[in-house]
Amino acid sequence: KMSRAGLVVLASIIAEAAAFLAVAPSGALRAARPKSHATVALNAAMSIGEARPDTVTRTAFVQRMAVLGAVICAPSQQASAAEDKGGDPTWAAHDGTFDDSEFADFQVTPSGLRYKDVIIGTGAQPAASDTVRAHYAGYLLNGQIFDTSYRPALFPFSLISPSGPPTAFKLGKRSLIPGFEEGLVGMNVGGKRICYIKPSLAYGAAGGGPIPPDSPLVFYLELRSIGAGASL
């Protein structure tokens with residue numbers, strides 16, 4: 001049975017999909033033997049050129065199709081209802097500069113990753129090639145937060161939960177910094193972990209964006225679920 005929130009989301013997506021596809025080229029739906037209705041819609045959105053100013057934008061359409069896939073097409077891959085309510089950002093808040101004493105009781109892996117399990121999860125542990133969904137908050141040692149998934153939900157996610165969904169990451173693709181990926185692989189679903197990532201396991205001498213060269217990083221990680229699907 002679909003929840004009231006799910007029905008509201010579905011109705012919103014169908015209405016916007018109709019508006020979007022009404023002005024799309026006739027060759028929009030090109031997917032051969034798609035795995036799901038969401039796959040068809042996402043492929044259609046990706047293959048269309050720039051949206052007209054008076055129509056639903058491609059970005060908005062893809063976002064709503066992603067929700068449809070999550071709510072309707074792949075319920076077996078989702079976290080429990082409790083997990084879907086979003087993460088708690090308060091545990092990942094840090095005030096001021098990090099002090100070395102805060103990492104004194106951290107465990108150290110052979111690679112040099114330092115970590116502490118705040119909560120050991122009771123769920124499964126991801127394999128090295130799994131897709132995982134996790135909340136995170138990344139800090140520089142001066143206390144500056146440079147990235148986080150703990151954000152208020154946008155419409156239509158806000159119909160289901162006031163907080164945004166966790167981010168999906170595909171492990172084993174080398175698309176993540178080594179320390180971040182190693183920290184996730186060692187966790188169990190439901191767990192919360194703080195990782196101290198040395199520069200060689202982070203962005204190294206090159207740095208990147210707001211991260212200066214040779215910067216150690218601190219990540220708060222909350223593993224929410226394991227499952228297939230679109231990911232970073």
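This is a predicted model: local features need pLDDT of at least 70, side-chain atom pairs count only at pLDDT 80 or more; totals for chains, interfaces and linings use all residues.
T109 lies in the loop between β1 (107–108) and β2 (114–119). T109 is buried because its relative accessible area is 14%, and buried means under 20%. Leaving aside residues up to four places away in sequence, T109 touches Y115 and E182.

The protein chain as a whole holds four helices and seven strands. From the N terminus, the elements run α-α-α-β-β-β-β-β-α-β-β. The chain has 232 residues, and 42% of them count as buried. Its accessible surface comes to about 12500 Å². Carbon and sulfur atoms account for 57% of that surface. Among contacts with a separation of 6 or more, 72% are between residues 24 or more positions apart.

The interior was examined next. In soluble globular proteins, nonpolar side chains tend to be buried together. The largest nonpolar core of this model has 24 residues. Seven members touch the most other members: F169, F180, L184, I197, L217, F219 and L221. Several elements each supply at least two residues of this core, namely β3 (131–140), α4 (178–185), β6 (192–197) and β7 (217–226). A second core is separate and has 12 residues. Its members include W91, F103, Y139 and Y150.

Helix α4 deserves a separate look. Its buried residues are G179, F180, E181, G183 and L184. The buried residues of α4 pack against β3, β5, β6 and β7. An α-helix has 3.6 residues a turn, so residues three or four places apart point the same way.

I160 is found in the loop between β4 (145–148) and β5 (167–170). Is I160 buried, partly exposed or exposed? I160 counts as partly exposed, because its relative accessibility is 41%, which falls between the limits of 20% for buried and 50% for exposed. T109, also a loop residue, is buried at 14%.

Technical notes. Residues are numbered from 1 along each chain as its sequence is written. Side-chain values use heavy atoms; hydrogens and water are left out. Buried means under 20% relative accessible area, exposed over 50%, partly exposed in between (1.4 Å probe, protein chains only). Contact means heavy atoms within 4.5 Å. Accessible areas come from the Shrake-Rupley method with a 1.4 Å probe; for residues, only the protein chains shown count as cover. A nonpolar core is a set of buried Ala, Val, Leu, Ile, Met, Phe, Trp, Tyr and Cys residues joined through side-chain atoms within 4.5 Å.
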